[in-house]
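Subject: Structure handover

Hello,

Here is the structure I promised to pass on. Please open it alongside this email.

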Amino acid sequence: MEGAAALYNPRTVEEVFRDFKGRRAGMIKALTTDVEEFYQQCDPEKENLCLYGFPSEQWEVNLPAEEVPPELPEPALGINFARDGMQEKDWLSLVAVHSDAWLIAVAFYFGARFGFDKADRKRLFNMINDLPTIFEVVTGAAKKQVKEKPSVSNHGSNKSKTNPKMRASESQGKDSKASQVKDEDEVVDEEDEEDEHGETLCGACGENYASDEFWICCDICEKWFHGKCVKITPARAEHIKQYKCPSCSNKRVRP
């Protein structure tokens, strides 16, 4: 089932974690930015289907591996059968939970296969545990956890049209248009904003905010996204009056 990916066997803690992150990113794409395509592929009329994530950050809905036992642990079987019997958000959350379990299974399969000792297993788990789960990203729980931490009072104003489009490299281009001398209070505000956004997680890939990357905020669900994850450039963002992320754009009433 994994094809060429099955031939790739990470042997160190760092390699296994890199493999984990790639597979995780692919599955998060399926359940967020590519959710419409994922929904369509999970046809209940088809046979048992599984959601696979690959180290290349790609995803695939396909039949389970025919070989027994399989080369790698298999994801949850038959995710398509429950699609029309549940609310979409509940179904996606269920798939997310099973996807988290599969990722852990694959990571520790490699750990067992290549003889990770107690210290290696603990280090691998801690690296994995530092990332939000797929379930937390899909349900928005990861963002809620961030909001519970102390934050500056002007965070709500950051959703204005200029700030999301001015993140990172784009803001550098605007510096020349700004006044060359700033009040000390303004400088402090900017530092506070930078610290706060350092805890912000991308609604697509689940990674943290970085000052050298362009981000944009959805005006509907208020989640932040890397521009590259939702295919929005700084130049294009300048012409968007109200930005809707892929998930919000694809929401519709299910029969």
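Predicted model: local features only at pLDDT ≥ 70, side-chain atom pairs only at ≥ 80, totals over all residues.

**The H1 and H3 pair**

Two packed helices are described by the angle between their axes and the distance between the axes. Start with helix H1 (residues 13-31) and helix H3 (residues 88-113). Their axes come within 10 Å and cross at roughly 165°. Angles over 145 degrees count as roughly antiparallel, so H1 is roughly antiparallel to H3. The crossing of H1 and H3 is right-handed.

Which residues make the contact? H1 brings Val16, Asp19, Phe20, Arg23, Arg24, Met27 and Leu31. H3 brings a list that includes Leu92, Val95, Trp102, Leu103 and Phe110. By type, the contact of H1 with H3 holds 13 nonpolar residues, one polar and three charged.

**The largest nonpolar core**

The largest nonpolar core has 37 residues. Which of them touch the most other members? They are Leu31, Phe38, Leu51, Leu124 and Ile134. At least two residues come from each of these elements: H1, helix H2 (35-41), strand E1 (50-53), strand E2 (59-62), H3, helix H4 (118-129) and helix H5 (134-139). H3 gives the most, with nine residues.

Take Ile134 as an example. Leaving aside neighbours within four places in sequence, Ile134 is in contact with Arg24, Met27, Ile28, Leu31, Ala96, Ser99, Asp100 and Leu103. Among these, Arg24, Met27 and Leu31 of H1 also take part in the contact with H3.

Ile216 lies in strand E3 (residues 215-217). Is Ile216 buried or exposed? Its relative accessibility is 0%, so Ile216 counts as buried. Ile216 and Ala237 are 21 residues apart in sequence. In space they are 7.9 Å apart, C-alpha to C-alpha.

His226 lies in strand E4 (residues 224-226). At 3% relative accessibility, His226 counts as buried too, because the cut-off is under 20%. What does His226 contact, leaving aside its neighbours within four places in sequence? The partners are Cys202, Cys205, Glu207, Asn208, Glu213, Phe214 and Trp215.

Best wishes

How values were computed. Residues numbered from 1 in each chain as written. Heavy atoms only, no water. Helix = DSSP H or I, 4+ residues; strand = E, 2+ residues; numbered from the N terminus. Buried < 20%, exposed > 50% of the residue type's maximum accessible area, 1.4 Å probe, protein only. Contact = heavy atoms within 4.5 Å. Axes fitted to C-alpha atoms, helices over the stretch in contact; angles between N-to-C directions. Parallel < 35°, antiparallel > 145°, perpendicular 65-115°, else oblique. Left-handed = near helix turned anticlockwise from the far one by under 90°. Nonpolar A, V, L, I, M, F, W, Y, C, P; charged D, E, K, R; others polar. Core = buried A, V, L, I, M, F, W, Y, C linked by side-chain atoms within 4.5 Å.
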